Amino acid sequence: MPEPVPAEKPAGEDVSEPTNDDAPPADGESETTELTGLFVEKPPDNVVVITGSDAIFIARVDSTTLARKPTMKWLKGKWLDLGSKAGKHMQFKETYDRNTKIYTYEMKINKVVPGDAGGYRCEVTAKDKCDSSTFEISVEAVQQETLGDDLAAFKRADAGEDEGSLDFSALLKAAKKKRPEKEEPEIDVWELLKSAHPSEYEKIAFKYGITDLRGMLKRLKKMTAPEPKYSEAFLKKLDSCYSVDKGKKIVLTCEVVDPNIPVKWLKNGQEIKPSAKYIMEANGNKRTLTINRTTLADDAAYECVVGEDKSFTEVFVKEPPITITKLMDDYHVVVGERVEFEVEVSEEGAHVMWFFEDVELHKDKDSKFRFKKDGKKHTLIIQEATLDDIGMYHAWTNGGHTKGELEVEEKELEVLQDIADLTVKATDQAVFKCEVSDDKVTGKWFKDGKEVLPSDRIKMSHIGRFHRLVIDDVKPEDAGDYTFVPDGYALSLSAKLNFLEIKIDYVPRQEPPKIHLDTTGSMVSQNTIILVAGNKLRLDVEITGEPAPTVVWSKGDQPIADSEGRVRVESRKDLSSFVIEGAEREDEGNYTIVVTNPSGEDKAVLFVKIVDVPDPPQHVKCTSVGEDTAIIVWDPPKFDGGAPIKGYLMERKKKGSSRWTKLNFDVYESTTYEAKRMIEGVFYEMRVFAVNSIGLSQPSLNSKPFMPIAPTSEPTRLTVNDVTDSTCSLRWLAPDKIGAGGLDGYIIEYCKEGDTNWVVANKELCEKQGFMVRGLPVGEKINFRVMAVNIAGNSPPAIMSQPVTIREIVEHPKIRVPRDLRTKYIRKVGEKINLTIPFQGKPRPIATWFKDGQPIDPKMVNIRNSNVDSILFIRSAEREHSGKYELLLQIENMEDRATIEIRIVEKPGPPLKVRVTDVWSFNAALEWDPPKDNGNCDITGYTIQKSDLKTKEWFTVYEHNRRTNCTASDLIMGNEYRFRVYSENLCGLSEEPGLSKNTAVIAKTGLQVKQNSYKEMDLSCVPKFTQPLVDRTVVAGYSTAISCAVRGFPKPKIVWMKNKMIIGEDPKFLMQNNQGVLTLKIRKPSTFDGGKYTCLAVNELGRDEVECKLDVKVFREEPVEKK
């Protein structure tokens, strides 16, 4: 679980306070509450908060008895999950104390508004356990004035001395002396006014010094607002609030009294017009508003207006969880460098909160932090890092979290090459050069404490890490102390420039040649010159002799005669210069200078040693990892650059990232390094630099990616589930801490008591939290242990507190009949029967089933037995499956029995001998006999129906009649009735009724009907076609139809023929007869369907027929002539 970061408020800061003494405490203040279930501390039941203040609510859960980490939800109302509202207004925090194993959950509401009032609930769940706590939040407005101020507001400003309590003693006939006033308790004048009769308002005002009566009445009218009236326009108002995911559809529904009355829909007080987004519907009394494709702009207050009545609701739009697709990198910088923490999220425009440690970062004018959004990329920028910025930075969304560490080091500048003293002759060039570790560092040159300014003769350059001062045509006044001072560092490099004066003495005689080597330089030691690769060597050798000697330079046996090129010799009078431009490793070796003249010869040997930065280290790899550490080893470089290796610098980066983080600024001498403070579960890569006195090598090849992971903690609650003579069944729970490496499985080991040789019981990893160890010796005491395994290795073992004796314990057989099977088990025919009867006993009992005392036929009933239960299964129940089933459980000479009665029922047969036994007035008495087949269960009643012989429609007279007789009343005079009876049982009514053999005639009394004689009209007629068939010509492939009309009574039989052949049931033809209109439809006719079609109508009085001709032509497209 990532560590939450919202800031905690110090005790007493910005915490709302109750408005009166009786109000309960707010913001997590201690209050005595009754603790039940999982909570050890709950929020207060009622909290009063002042508008604009902050409120904090705390709940604590004890996890010592929980198998898994609990999950907390904060809800408003019945179901609104506040987790989707996390942001600046609502913040949630979770912490865990490892010592007490108590989880602390905190909900903070910043700057409470009136809309936050209502009922809340915090609900905690942990696997099969749950608990909840409800509390109420009341929001009150800020009290602007005190009671005294309210009274003062109604005193006249121009009252002068009479501004306070008014003295009416001057109006009295007999003045009396004032008596000393007694101290009275403070009275709330407004409560007194609200409860008083209006005729007493003036008296109370004068008594308490209120002179502005009009203002007092206005305020009193506002305070005594009428109670809300019951809505007469709405049958059902809108719900108090609705919740919808962003992008989904939501429907607001209410019901009005008048189905024809129009309504208006408002959003935040503005009327909504119908559109594709807002759909308003009226269906009877229901009025609905549908909002399609909701956005955050739809999170508002809505109301439905009917005349003067209104129904209010609030819609909450929940954003989908925003995940972080690119994690934050770590940074290791020096003071003053720019830092950019960058993350990528799953959606554009998402809200990302930045935190430094536990403090949220905001965009302020004076803040050093800058925030940048570019599509899905979000960046936190620190322009110039300081030591105060060291720490962990977090980025939070409503569905993800990432963090990165910032390490800031003081600036340390290392001098890789110091300035050397120079001795230069007149008109020569003097070059001072130094190299520092930072190629961005600038600096200034000083001579004898004064800054050196550039000119035509003096030039200064800065290329990479090298700083040069070049003085051309050296003069005597250029001699002195030269210093280079880097900007921003308390460091200086100094060297001396010596001017060499040349004195020419005239010697009239010959002088043998002489080589004068200057060995005063710091780079020359015992005729050895050390030269950094890439630098320039210019060796000026003074030569004397008369006459002028000849100079020959050579490397080994090869003379150097080139006057141009990278390696060359420059000759002047009395001076020979050996120059190497851009020294390379191949230039290393012994160099010889030989000077000769007629007077003799002189020779000098110099060894030029080329030093360079070392080669990169080799074979960088990770040998082991921990939870947040890794051990890195490597081999030294093949070539040390000609100078001893001082140490190494290490860098790391996350896999897929391009930013490297320095792990050390000081040189590390060993070839084994432990990298720390890494994030578990993230892949990293390492590289190493070698450092010698010359500089830094190129980086080594990246190591193979590795992931800091740690083994899990030991499994918990290892217990013995069962023991036999050769096996032992173990159970345990998953480790408390698993980590990013996950959990691959478990290893189970055992050993005899007193032995230290542990034997692995499972060849492959056990993925379940239980295992049966087999092949154990009988009677031995065995110790067991279980280890969890993941990619990082094995966890510490969970060991049994005491050894287990391998011996089976005999347990009497016992059948545990389920409660619902202890009574008669009834099922319908055709249903499936699946009975599971658990039992216990050791060793494994033998289960045998009997039906009505006989062994069960396996062809009729399926039985499956296991170690702990027996299952009886019938795929489709029949009547013959009914009976008493007995389960016999045996262990050696011990046994247990259980009996289960199964009854298979079906619908009953019809009642027998239904008859009308008596008829009187408008009543008829019925009797019948019970059905022969009762469906294998009791008859619960009968259903009686009647039907008069005129309409022949059946109507129910009685339902669930328990007797075998009844009286049908309210029969209609002059009708003759027939009756039928259905029998009913547990499965329902019988399939067939029992019909009465006789009828009940309700005779008419005192009325005679005289029927008029009339002659019935004879409607019979011979079939005759009123509309003939018409000849048609159709195009092949296009369906067609031919029609005609006929009349006749009785209804004639219609026969269609083609070429005098009856068409019959050919699927190509469809014949229809609609009230005498005859149609023959032909589906996609071809030329074969052409011919003469005949329609024949026949009844018992005669026949008639009509004919038509159908031509079918093939459409041929005429070719287009080309012009």
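## Overall make-up

The protein chain holds 4 helices and 88 strands, where helices (H or I, at least four residues) and strands (E, at least two) are DSSP runs numbered from the N terminus. This is a predicted model, in which local features need pLDDT of at least 70 and side-chain atom pairs count only at pLDDT 80 or more, while totals for chains, interfaces and linings use all residues. Residues are numbered from 1 along each chain as its sequence is written, and side-chain values use heavy atoms, with hydrogens and water left out.

Of the 1123 residues in the chain, 38% count as buried; buried here means under 20% relative accessible area with a 1.4 Å probe, protein chains only. Among contacts (heavy atoms within 4.5 Å) between residues at least 6 apart in sequence, 63% join residues at least 24 apart.

Let's start with an open sheet of 5 strands, which has the order β2-β9-β8-β4-β5 and mixed pairing. Its edge strands are β2 (46-50) and β5 (80-81), each pairing on one side only; two strands pair if DSSP finds at least two bridges between them. Strand β4 (residues 71-76) runs antiparallel to β5, with 2 bridges joining them, and Leu-75 stands opposite Asp-81 of β5.

The largest nonpolar core has 24 residues, and Phe-57, Val-61, Met-72, Trp-74 and Met-107 touch the most other members. Such a core is a set of buried Ala, Val, Leu, Ile, Met, Phe, Trp, Tyr and Cys residues joined through side-chain atoms within 4.5 Å. Two or more residues come from each of β2, β3 (55-62), β4, β7 (102-109), β8 (118-126) and β9 (129-140). Leaving aside residues up to four places away in sequence, Val-61 touches a set of residues including Leu-38, Phe-39, Val-40, Met-72, Tyr-103 and Val-124. As background, nonpolar side chains in soluble globular proteins tend to be buried together.

## Strand β49 and its partners

Because 8 of its 10 residues are buried, β49 is largely enclosed by the rest of the structure. On the pairing side, 9 bridges join β49 to strand β52 (residues 684-692) in an antiparallel arrangement, with Glu-651 opposite Arg-687 of β52.

β49 also pairs with β50 (residues 661-662), again in the antiparallel sense, over 2 bridges. Arg-652 has Thr-661 of β50 as its bridge partner. The two strands form a hairpin with 6 residues between them, and Gly-656 in the turn has a positive phi of about 90°.

## The largest cavity

A search of the whole structure turns up 2 cavities of 30 Å³ or more, and the largest has a volume of about 50 Å³. On a 1 Å grid over the protein atoms alone, a cavity is a set of points where a 1.4 Å probe fits but cannot get out, and lining residues have an atom within 4 Å of a point. Points are joined across faces, edges and corners, and a volume is the space filled by probe spheres set on them.

Strand β49 (residues 645-654) gives the most to this lining, with 3 residues. Among the lining residues are Asp-329, Asp-330, Arg-652, Lys-653, Lys-654, Thr-661 and Tyr-684. By class, the lining has 1 nonpolar, 2 polar and 6 charged residues; Ala, Val, Leu, Ile, Met, Phe, Trp, Tyr, Cys and Pro count as nonpolar, Asp, Glu, Lys and Arg as charged, and the others, Gly among them, as polar.

Conventions:
1 Å grid on protein atoms, 1.4 Å probe; cavity = no way out; pocket = protein on both sides within 12 Å on 5 of 7 lines; lining within 4 Å. Buried < 20%, exposed > 50% of the residue type's maximum accessible area, 1.4 Å probe, protein only.
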